[in-house]
Amino acid sequence: MEQYVIKGGTALSGEVEISGAKNAALGILAGAIMTDETVTIENLPNVKDINVLIGAIEDIGAAVERVDEHTVKINGKSINRLSVDYEYIKKIRASYYLMGALLGKYKSAEVALPGGCLIGSRPIDLHVKGLKALGANVDVSYGLWSARADRLVGNHIYLDKVSVGATINIMLAAALAEGKTTIENAAKEPHVVDVASFLNSMGANIRGAGTDVIRIVGVPKLHGTTYAVIPDQIEAGTYMCAAAATHGDVLIKNVIPKHLEATSAKLIEAGCIIEEYDDAVRVIGKGRKLSSTHITTLPYPGFPTDMQPEITAVLAISEGTSTVTESIFENRFKYVDELARMGANIKVEGTVAIVTGVEKYTGARVQAPDLRAGAALIIAGLSADGITVIDDIKYIQRGYEDIVGKFVKLGADMAEVDSEHDLQKFKLKVS
Ligand code: UD1
């Protein structure tokens, strides 16, 4: 069984290079099948979620050529199935972006329904509302979500709740609809903007991405392109929090500092120094006292829900009482019990975690409950006294490229082990 093992207590220092944004790449990969010409996507993160979606794209018949670890060429001309199996959806929900992409291109698609997930129930009502508004007949039954249309025609769509997934799915389908579509109360996340820029590079006409109102003028067809995915703001934020929690000094390279503003602001409030450069941020926790602050997760540009566990891991060792309010997903505090095993003092009341800072974590054997919660456990382990062993690292591997290699380069004592023998060997080495 694969595990991460960490001997904590080393202040991280040096430089780390951030990979491409997983969540942008998922939308972009789906969009790549919308033309019969070849699309080259660069700066893909080499993580499990991306490889699952590429598998789903191959499975519907598209030609996929992996040029290197971070580059793929996709040609959607040979697509011969308009149906995406549960096998992919259950591994990665965002395979449902193939709904918008296939419906836009072929006016017909069938995708297995995603269920709830580890962080909460994940409805698709807004996706359905959007696709219906474009003229599709959408049917949700027998564990499937299918949509068909003779023609897709642009429309005015108001999203009752800000949803990244619904915004991207509707944008994909509307790019090839007839006439104008307006998405109101659209998600403004950097990955929404990146998917829009990518589609525009294929000849789509999408304006306003990054604001509340996205305007799309449908085009009859899209063409091939070469496009590089933006850096991953959540991966970057994770290294920022790790630098803070270990009182380190880390230069985080290949980022767009603007995308990190919410995380930077909160780490400054907690006592860190943040220096911003054109495409890097430096987090200085060295010699700084960490103190409490208050966080509420919100859609972008608010504090990202995907950074909630990581920042909580920092606040749990910051002096004073912090509050962390989760306003996007209802079940995102499951990792708190694992942090408690490492000495944290956190009480959850409904959607609020009350975090009373303790002096330090103590290493323990813990279990990653989901992707970002797993990252929080790594942050705790890196700053803990003693050895932390993390089980269920498959969740972490879904979204972090070479996380062990990157932390080791920053000075961490960390390894991936897959046997008791390797675990003992690591313990001997660091003792
Ligand atoms: C995306 C991200 C995920 C992140 C989340 C919020 C990807 C692949 N995943 O997920 O990492 O945590 O944004 O930033 O990009 N909702 C509805 N009806 C819908 C759709 C959503 O009520 O049809 C609700 C959800 O339950 C949630 C909120 O809207 O409360 C936001 O969800 P959404 O932005 O859609 O999240 P995802 O796109 O699934």
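Helices (H or I, at least four residues) and strands (E, at least two) are taken as DSSP runs and numbered from the N terminus. The structure is a predicted model, in which local features need pLDDT of at least 70 and side-chain atom pairs count only at pLDDT 80 or more, whereas totals for chains, interfaces and linings use all residues. Residues are numbered from 1 along each chain as its sequence is written, and side-chain values use heavy atoms, with hydrogens and water left out.

The ligand is surrounded by 23 residues, a residue being near a molecule if one of its heavy atoms lies within 4 Å of it. The closest are Asp125, Ser163, Val164, Asp306 and Ile328. By residue class, the shell divides into eleven nonpolar, seven polar and five charged residues; Ala, Val, Leu, Ile, Met, Phe, Trp, Tyr, Cys and Pro count as nonpolar, Asp, Glu, Lys and Arg as charged, and the others, Gly among them, as polar. Both domain 1 (3-19 + 231-430) and domain 2 (22-228) supply at least three residues to this shell, with domain bounds coming from an automatic or database domain assignment.

A polar backbone atom of Ile328 is 2.7 Å from a ligand oxygen atom. For Gly165 the corresponding distance from a polar backbone atom to an oxygen atom of the ligand is 2.8 Å, and for Pro123 it is 3.2 Å. The ligand taken alone exposes 740 Å², of which the protein buries 88%; accessible areas come from the Shrake-Rupley method with a 1.4 Å probe, and for residues only the protein chains shown count as cover. Two or more shell residues come from each of helix H1 (22-31), helix H5 (125-133) and helix H6 (164-175). Helix H5 gives the most, with three residues.

An open sheet of four strands has the order E2-E15-E17-E16 and mixed pairing, two strands being paired if DSSP finds at least two bridges between them. Strand E2 (13-17) and strand E16 (273-276) are the edge strands, each pairing on one side only. Within this sheet, strand E15 (residues 249-253) and strand E17 (residues 280-284) are antiparallel and share five bridges. Lys253 has Ala280 of E17 as its bridge partner.

E18 runs parallel to strand E19 (residues 321-325), to which three bridges join it, and Ile295 is partnered by Val324 in E19. The loop between E18 and helix H10 (308-315) contains Pro301, which is joined to Tyr300 by a cis peptide bond with omega of about 10°.

Strand E3 (residues 38-42) pairs with strand E5 (residues 71-75) in the antiparallel sense over four bridges, and Thr38 has Asn75 of E5 as its bridge partner. E3 is also joined by four bridges to strand E14 (residues 225-228), in the parallel sense. Here the bridge partner of Thr40 is Thr226 in E14.

Tyr142 lies in the loop between strand E8 (137-141) and strand E9 (144-148). Although Tyr142 is not a glycine, its phi is positive, at about 50°.

Conventions. A polar contact is a pair of N or O atoms within 3.5 Å; within protein, one must be able to donate a hydrogen and the other to accept it, and residues adjacent in sequence count only if both atoms are side-chain atoms.
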